[in-house]
Amino acid sequence: MAAKLISTGIRHTTLPENYVRPLSNRPCLSDVSPLKDFPIIDLSSTDRSRLVQQIHQACSRFGFFQVINHRVSKDTIDGMVSVANEFFSMSMEEKMKLYSDDPTKTTRLSTSFNVKKEEVNNWRDYLRLHCYPISKYVHEWPSNPPSFKEVVSRYSTDVRELGFTIEELISESLGLEKDHMRKVLGEQGQHMAVNYYPPCPEPELTYGLPAHTDPNALTILLQDATVCGLQILIDGQWFAVNPHPDAFVINIGDQFEALSNGIYKSVWHRAVTNTEKPRLSVASFLCPADCAVISPAKPLWEAEEDEAKPIYRDYTYAEYYKKFWSRNLDQEHCLENFLND
């Protein structure tokens with residue numbers, strides 16, 4: 001059965017069969033507790049060394065953290081949320097103009113994750129955009145709602161700057177020059193996924209997105225302010241990351257795990273659904289240039305023994321991304337395909 005958009009505005013009373021997970025792979029929501037000591041990092045702090053230390057602790061322990069006082073204005077964030085909700089509440093006829101299940105398209109509305117490959121679908125619709133350089137892609141973006149291009153351009157630009165700030169802190173937290181990671185990553189690509197999870201009749205049986213890691217360098221997530229859904233895996237147990245007012249959730253992608261030589265973790269995470277309310281999230285992905293060679297700095301792996309070598313072999317981001325999309329989302333960690341012999 002072909003998957004189709006689920007953001008129809010009509011409430012389902014039972015979960016269609018193509019969304020039902022096998023018994024061995026269900027969310028077990030009653031076993032999930034809120035994450036108590038989830039790091040919240042105040043980027044307005046003037047104590048740089050403490051900030052760098054907080055980043056180090058968060059990236060090595062959780063691979064995730066939240067940032068506040070991040071210089072993306074409330075107006076910019078509220079505008080993004082508003083225009084995204086407006087987009088998903090448009091008529092099916094209007095939305096279907098952008099529908100595609102081709103992952104290579106740079107602007108597309110789709111459903112689930114990769115409907116061409118999946119056996120079981122996910123309870124999510126999403127709008128995927130390329131956002132850098134904006135001038136190259138903005139003409140492809142939705143023309144409705146009328147304010148979409150202007151609002152999303154401003155949001156994307158500000159979030160990109162926030163990402164660069166965090167990348168500099170990550171470099172310093174590994175004992176490297178602050179521009180090290182940005183130099184290695186080259187001219188970074190930027191993608192956005194605007195995720196919409198309608199109310200789900202049976203959240204115990206399906207996922208919004210199953211467990212996965214992110215293939216890129218850094219993800220900057222705007223969570224729904226009122227509806228929980230993000231969960232992360234720590235020491236074999238799932239924890240809920242509850243929304244924090246005016247915060248972004250930041251997570252380390254696979255490329256920073258490789259570039260840190262495994263010191264920082266690209267952590268498994270998933271999105272779950274609920275019966276009551278729709279949930280919206282906006283994920284912005286900073287990606288290495290396709291030609292960027294992913295190779296950790298020597299100080300992170302060089303030891304006194306002659307035999308020392310990095311955990312992962314050198315590869316280009318283009319090679320990695322191709323491998324990532326050729327798999328199912330919840331297969332083994334994609335990085336395992338790039339381990340050094």
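## Cavities

A search of the whole structure, which is a predicted model, finds two cavities of 30 Å³ or more. The largest cavity has a volume of about 420 Å³, and of the 33 residues that line it, Leu 209, His 212, Asp 214, Ala 283 and Phe 285 are the closest to its centre.

The lining of the largest cavity draws two or more residues from each of several elements, namely the strands β5 (125–130), β6 (189–197), β7 (209–212), β8 (218–222), β12 (269–271) and β13 (279–287), together with helix α8 (317–325). Strand β13 gives the largest share of this lining, five residues. By residue class, the lining divides into 18 nonpolar, nine polar and six charged residues.

In soluble globular proteins, nonpolar side chains tend to be buried together. The largest nonpolar core in this model has 89 residues, and those with the most contacts inside it are Phe 65, Tyr 155, Ile 170, Met 192, Val 194, Phe 248 and Phe 256. Helix α5 (residues 148–173) supplies the largest share of this core, 10 residues. Apart from this core lies another, of six residues, among them Leu 15, Trp 123, Cys 200 and Leu 205.

Leaving aside residues up to four places away in sequence, the contacts of Met 192 include Met 80, Leu 127, Leu 129, Val 152 and Tyr 155, and also Val 282, Ala 283, Ser 284 and Phe 285. Two of these contacts, Ala 283 and Phe 285, are also among the residues closest to the centre of the largest cavity.

## Aromatic pairs

The model contains 11 aromatic pairs. In one of them, Phe 87 and Phe 148 are tilted, at 6.2 Å centre to centre and with 50° between the planes; this pair links helix α2 (residues 74–88), which holds Phe 87, to helix α5, which holds Phe 148, across 61 residues of the chain. Phe 87 and Phe 148 are both buried.

Another pair, Tyr 315 and Phe 338, counts as tilted because the ring planes lie at 45°, with the centres 4.6 Å apart. Tyr 315 belongs to strand β15 (residues 315–316) and Phe 338 to the segment after α8, 23 residues apart, and both residues are buried. Phe 87 and Phe 148 also belong to one aromatic cluster with Phe 88, Trp 141 and Tyr 196.

Ala 240 lies in strand β10 (residues 237–240) and counts as buried because its relative accessibility is 13%, the cut-off being under 20%. Not counting residues up to four places away in sequence, Ala 240 touches Val 32, Ser 33, Pro 34, Leu 35, Leu 230 and Gln 231.

Notes:
Residues are numbered from 1 along each chain as its sequence is written. This is a predicted model: local features need pLDDT of at least 70, side-chain atom pairs count only at pLDDT 80 or more; totals for chains, interfaces and linings use all residues. Side-chain values use heavy atoms; hydrogens and water are left out. A nonpolar core is a set of buried Ala, Val, Leu, Ile, Met, Phe, Trp, Tyr and Cys residues joined through side-chain atoms within 4.5 Å. Buried means under 20% relative accessible area, exposed over 50%, partly exposed in between (1.4 Å probe, protein chains only). Helices (H or I, at least four residues) and strands (E, at least two) are DSSP runs, numbered from the N terminus. Contact means heavy atoms within 4.5 Å. On a 1 Å grid over the protein atoms alone, a cavity is a set of points where a 1.4 Å probe fits but cannot get out, and a pocket is an open set with protein on both sides within 12 Å along at least five of seven lines; lining residues have an atom within 4 Å of a point. Grid points are joined across faces, edges and corners, and a volume is the space filled by probe spheres set on the points. Ala, Val, Leu, Ile, Met, Phe, Trp, Tyr, Cys and Pro count as nonpolar, Asp, Glu, Lys and Arg as charged, and the others, Gly among them, as polar. Rings of Phe, Tyr and Trp (its six-membered ring) pair if their centres lie within 6.5 Å; planes under 30 degrees apart count as stacked, over 60 as edge-to-face and the rest as tilted.
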